[in-house]
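Good morning, colleagues. Please turn to the structure on the screen, and I shall go through its salt bridges and a surface patch.

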Amino acid sequence: MSATALPIQPTPATPTPQQIDEARSAFTASLLSAGTSTVQSDLQARAGDLHANAAAIDKQEQELLKETKALGKESGKWQKLVDDGARGVKETGDVQNWAEMLERDLCVLEDTMAMTEEGGTTASANGQPR
């Protein structure tokens, strides 16, 4: 049997506690760096969205104020129209009342004229025939 000699490999050195701490710190730092940049970019994107949305909301608020003022003016116009209409209806009612009173007075005059034409009796101031 022939013996083949295997090359002798050096055994790895056991790391010292200081080397372990340094490796752990470097690994943790690389993880934090990778995680922080991802989280930070997400937060920056969200912050950008918030600012853009705030600007859009401000613009909508200004537009709403403008439209509210226009609606107030339009409402004033409609109120004036309603008031004018109500005044017209009141005047019509006043004219109708005046016409009815005038008609009653004319009926009294007509009856009085008819009585005088017929030669009817006239009454004195106390209501007694003369």
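Helices here are DSSP runs of H or I with at least four residues, and strands are runs of E with at least two, numbered from the N terminus. The model is predicted, so local features need pLDDT of at least 70 and side-chain atom pairs count only at pLDDT 80 or more, whereas totals for chains, interfaces and linings use all residues. Residues are numbered from 1 along each chain as its sequence is written, and side-chain values use heavy atoms, with hydrogens and water left out.

A salt bridge is a side-chain nitrogen of Lys or Arg within 4 Å of a carboxyl oxygen of Asp or Glu. The count by this rule is four.

Let us begin with Asp-84. Its side chain meets Arg-87 in a salt bridge at 2.5 Å, N to O; the two residues lie three apart in helix α1, about one turn of the helix. Salt bridges with shared partners join Lys-80, Asp-84 and Arg-87 into one network. Between Asp-84 and Lys-80, the closest N and O atoms are 3.3 Å apart.

As for accessibility, buried means under 20% relative accessible area, exposed over 50%, and partly exposed in between, with a 1.4 Å probe and protein chains only. Lys-80 is exposed at 54%, while Asp-84 is partly exposed at 32%, as is Arg-87 at 45%.

A further salt bridge links Arg-24 and Asp-21 at 3.8 Å, N to O. These residues are three apart in helix α1, and therefore separated by about one helical turn.
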